[in-house]
Amino acid sequence: MKTTSLETLSISQSPGLLDARKQDGLDPLSSIGDLFDLPPDLVYLDGNSLGAMPAVVPEKIQEAVTEGWRTGLIRSWNDRDWHILPLTLGNRLAPLMGANAGEVLVVDSTSINLFKTLSAALEMRPDRTEIVSERDNFPSDLHIIQGAITHFYPQHKLVEGKESDESILELIGPSTAVVTLTQVSYRTGLIRDMERITKEAHRAGALVIWDLAHTLGAVPVDLNAADVDFAVGCTYKYLNAGPGGPAYLFVADRHITDAVNPLTGWQAHADPFSFDTHFKPASNIDKFRCGTPGVLSYIALESSLDIFEMVDMETIRKKSKRLTTLFVDLVESFCNGYPLQLASPRDSNQRGSQVSFSHTDGWPIMQALIAHGVIGDFRAPDLLRFGFAPLYTRYEDVWLAASMLAHILESECWKDPAYTTPKLVT
Ligand SMILES: Cc1ncc(COP(=O)(O)O)c(C=O)c1O
């Protein structure tokens, strides 16, 4: 079995590799890549699942642990403003999504935030009984809707559209209470037209909740320009806050008074430290808090936001489109003749920062790629998924990944039984 290594590929004098290096030399974000600590000899194309670590994170967390926790102890909740991190980081995240200060809270997980905002939106449309979503939504989003219906809103019904925006629009009508969709598909990277769908939902009298998990940090978004009601998303993908980093939720200013958080934990109280046993919600977005925030993961998010504040989203988007286009072109040229099908939109304007290819043997092929130093991931039943985080992905990485994929297919090394073993996390 003929195999190759990233090292061998990287000393090739291929014109494609030299050209990719030239593009890296011209990349306005190339110095930003140095602010991330990625292992050497690795091409990391999974920042759409778990973002890379900003290099300062170990030092910042070490400081928070030794000075904040060991030395400051309980005093740090005040002295370091730990208690208000959900709001202060929400305010720093707000510009990335076209939101105002006071409209974003960094808290809990995306799933929990979807439950909270879905319940709030349903209560604001009491005479309507349909929740419009999409068949290929991230499963947790559908599970949360199904659970909400089963346990709390038995008179409601979930109606699911397909991939096209048209199929969603057809479902919106006078019974629609809420339309909840993921803006960038986790499977294909297809971008939904947020402005158009939101407008049509509003025209029908419904509210919208957008899941931005695969949008924020890679695709510019302007929630207030699109008149969005609610949004949710996570920070551990393109926002690089680390495994299990806190999620966020957005509530448009105009809804903050009326929107009700069903999870009435003590930190959503107007004055949590009054220890009032009767619940009275905060009047600002803090009403969407629940329990104590996990401070250490907020520290990692702070480090990542320090980096985002040095760049602008248009530069990120421009590079993202070029990276994904280069990857599509190279894979289709290098892997011509193998049964790989582009599953992402061909038009980069309709594509987030990922490229998916389908192949019936996607799982062992991805395992072989990972073993050869190119990390992407696999989504059942047949998708090889590659994420291109523009802050640290180089054009050279794109060339190396496409070349390695071609080598894996050509050598058929993916047929090695070592690559067929299932793993818990894919
Ligand atoms: C689009 C989307 N929504 C929701 C989730 C679930 O997020 P969490 O596990 O943080 O609740 C994910 C996780 O990957 C996701 O990709």
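Student: Into which domains is the chain divided?

Tutor: Residues are numbered from 1 along each chain as its sequence is written. This is a predicted model, in which local features need pLDDT of at least 70 and side-chain atom pairs count only at pLDDT 80 or more, while totals for chains, interfaces and linings use all residues. The chain is divided into domain 1 (6-34 + 312-419) and domain 2 (58-308), with bounds from an automatic or database domain assignment. Their centres, taken over C-alpha atoms, are separated by 31 Å.

Student: How is the packing of helix α13 against helix α14 described?

Tutor: Two packed helices are described by the angle between their axes and the distance between the axes. Here the axes of α13 (residues 362-371) and α14 (residues 395-411) come within 10 Å and cross at roughly 120°. That makes α13 oblique to α14 (angles under 35 degrees count as roughly parallel, over 145 as roughly antiparallel, 65 to 115 as roughly perpendicular and the rest as oblique).

Student: Which residues of α13 and α14 meet?

Tutor: Ile-365, Ala-368 and Leu-369 in α13 meet Met-404, Leu-405 and Ile-408 in α14, contact being C-beta atoms, placed from the backbone, within 7 Å.

Student: Is α13 mostly covered or exposed, and how many of its residues are buried?

Tutor: α13 is mostly covered, with eight of its ten residues buried (20 or more other C-beta atoms within 10 Å of the residue's own). Among the buried residues are Trp-363 and Met-366. The elements that cover them include β12 (354-358), β15 (383-387) and α14. After α13 comes Gly-373, with a positive phi near 95°.

Key
Axes fitted to C-alpha atoms, helices over the stretch in contact; angles between N-to-C directions. Helix = DSSP H or I, 4+ residues; strand = E, 2+ residues; numbered from the N terminus. Contact = placed C-beta atoms within 7 Å. Buried ≥ 20, exposed ≤ 12 C-beta atoms within 10 Å, placed from the backbone.
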